[in-house]
Amino acid sequence: MSRNGGWEPRTRLGRKVQEGDITTMEQALNSGLPLKEYQLVDQLLPDLEDEVLDINMVQRMTDSGRRVKFRCVVAIGNRDGYLGYAEGRDDQVGGAIQKAIEVAKLNMIKVDRGSGSWEDSAGGVNSLTRTATGKAGSVEVEIKPAPQGLGLAAAPTVRNILELAGVQDAWTSSNGNTRTTVNLAKATFNALKNASQARTPDRARRIQREAEGEN
C-alpha cells in the first residue's frame, strides 16, 4: 500500500517521490524528469488552492445530433511560488473542473519571484525579478516588477493568477481581445512560465531533453 491514498506510481519521478528521494516540488521540477502523475504534486504540495476562472458551454454537431460539453479554465497555486494552469472539458461542470485541476498539476511551474523593482532592496520575493511577457491567441500580457506595498495593478483574472503564484506587487498591461478570459488567463500563465524558463540552468534543460519519453 502506498503512502498517498493507494497511489502506485508508474513513472520514475513518481517512484522517487514516493521513496523519499525527492521531497520538494523544486527538486521534482529540477530533476529533468517529465511530470506525468498529478498525485505526486498532491504529495509535495498538499496546500494547493484552485480558482475556476471561466466556465463555458461548448456545443458541437455530430452524426447523432448536438453534443454539449463544458469547458473550464482553472489555475492552481500555493500562494508561495508554485502555479499551474489548464483547461478541462466534460459533459458535466464538476467533471470538467476536476479534469482541469488534474492537468493543471501536471503544468506546475516555479514562479521566478524577486524584488526586481529599482525602488526595492534586493532579496525580497514580493514581485518578479524582471519583466515577463506572454501571449495566447490575440492577447499579450506584460508583467513588470513593482515596489513592495504597491499591490497588484491588474485586471481581476490576471490578479487571481498572480495571487495564487504568491506575487504581491506588480504592474501589468494587456493588449488584444482581453475580454476572452481563457486567452487572458493563458497569456498571464505563459508570461510567468517564460520568466521561469529563462532561469532554468542549461544542465537542467539537457537532463530534461535526455529524459523525454522516460517513465
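These are my notebook entries on what I looked up in this predicted model.

**Entry 1, confidence.** I checked the scores before anything else. The protein averages a pLDDT of 88, and 88% of the residues score at least 70. Over residues 200–205 the pLDDT is below 50, and this stretch has 4 contacts in the model beyond near neighbours in sequence. Residues 211–215 also stay under 50, with 12 contacts beyond four places in sequence. Where pLDDT is low, predicted coordinates should not be read in detail, so I left those contacts alone.

**Entry 2, the open sheet.** I traced 4 strands that form an open sheet in the order β1-β2-β3-β4, with antiparallel pairing. Its edge strands are β1 (49–62) and β4 (109–110), each of which pairs on one side only. Helix α4 (residues 93–106) packs on this sheet and touches β1, β2 (65–77) and β3. The direction of α4 makes about 145 degrees with that of β3.

I then went along β3 and its partners. β2 and β3 pair over 8 bridges in the antiparallel sense, and V73 has E87 in β3 as its bridge partner. The hairpin of β2 and β3 has 4 residues between the strands, and R79 there takes a positive phi near 60 degrees. On to β4: β3 (residues 82–90) pairs with it over 2 bridges, again antiparallel. Y82 stands opposite K110, and L83 has I109 as its bridge partner. Is β3 enclosed or open to the outside? I found β3 largely enclosed by the rest of the structure, because 7 of its 9 residues are buried.

β7 (residues 132–136) and β8 pair in the antiparallel sense over 5 bridges, with K135 opposite E140. Their hairpin has 2 residues between the strands, and G137 takes a positive phi near 60 degrees. β8 also pairs with β10 (residues 170–175), antiparallel over 6 bridges; there the bridge partner of K144 is W171. In a regular strand the side chains alternate between the two faces of the sheet. I listed the faces of β8 (residues 139–145): V139, V141, I143 and P145 are on the covered one, while E140, E142 and K144 are on the uncovered one.

Nonpolar side chains tend to be buried together in soluble globular proteins. The largest nonpolar core here has 30 residues, and L83, V111, I143, L162, V167 and L192 have the most contacts inside it. Elements giving two or more residues to this core are β2, β3, β7, β8, α5 (156–165) and α6 (181–198). The largest share, 8 residues, comes from α6. Apart from this core lies another of 20 residues, among them L13, V17, V41 and I76.

Beyond four places in sequence, V167 touches V111, R113, N126, S127, L128, L152 and L162. I moved on to S127, which is found in strand β6 (residues 127–128). S127 counts as buried because its relative accessibility is 0%, and the cut-off is under 20%. What does the side chain of S127 reach? I found the backbone oxygen of D169 at 2.5 Å. Leaving aside neighbours within four places in sequence, the contacts of S127 include D112, R113, G114, K144, P145 and A170. K144 and P145 were already in my list for β8, on its uncovered and covered faces respectively.

Key. Residues are numbered from 1 along each chain as its sequence is written. This is a predicted model: local features need pLDDT of at least 70, side-chain atom pairs count only at pLDDT 80 or more; totals for chains, interfaces and linings use all residues. Side-chain values use heavy atoms; hydrogens and water are left out. Buried means under 20% relative accessible area, exposed over 50%, partly exposed in between (1.4 Å probe, protein chains only). A polar contact is a pair of N or O atoms within 3.5 Å; within protein, one must be able to donate a hydrogen and the other to accept it, and residues adjacent in sequence count only if both atoms are side-chain atoms. Contact means heavy atoms within 4.5 Å. Two strands pair if DSSP finds at least two bridges between them. Axes are lines fitted to C-alpha atoms, for helices over the stretch in contact, and angles run from 0 to 180 degrees between N-to-C directions. A nonpolar core is a set of buried Ala, Val, Leu, Ile, Met, Phe, Trp, Tyr and Cys residues joined through side-chain atoms within 4.5 Å. pLDDT is the predictor's confidence in each residue, from 0 to 100.
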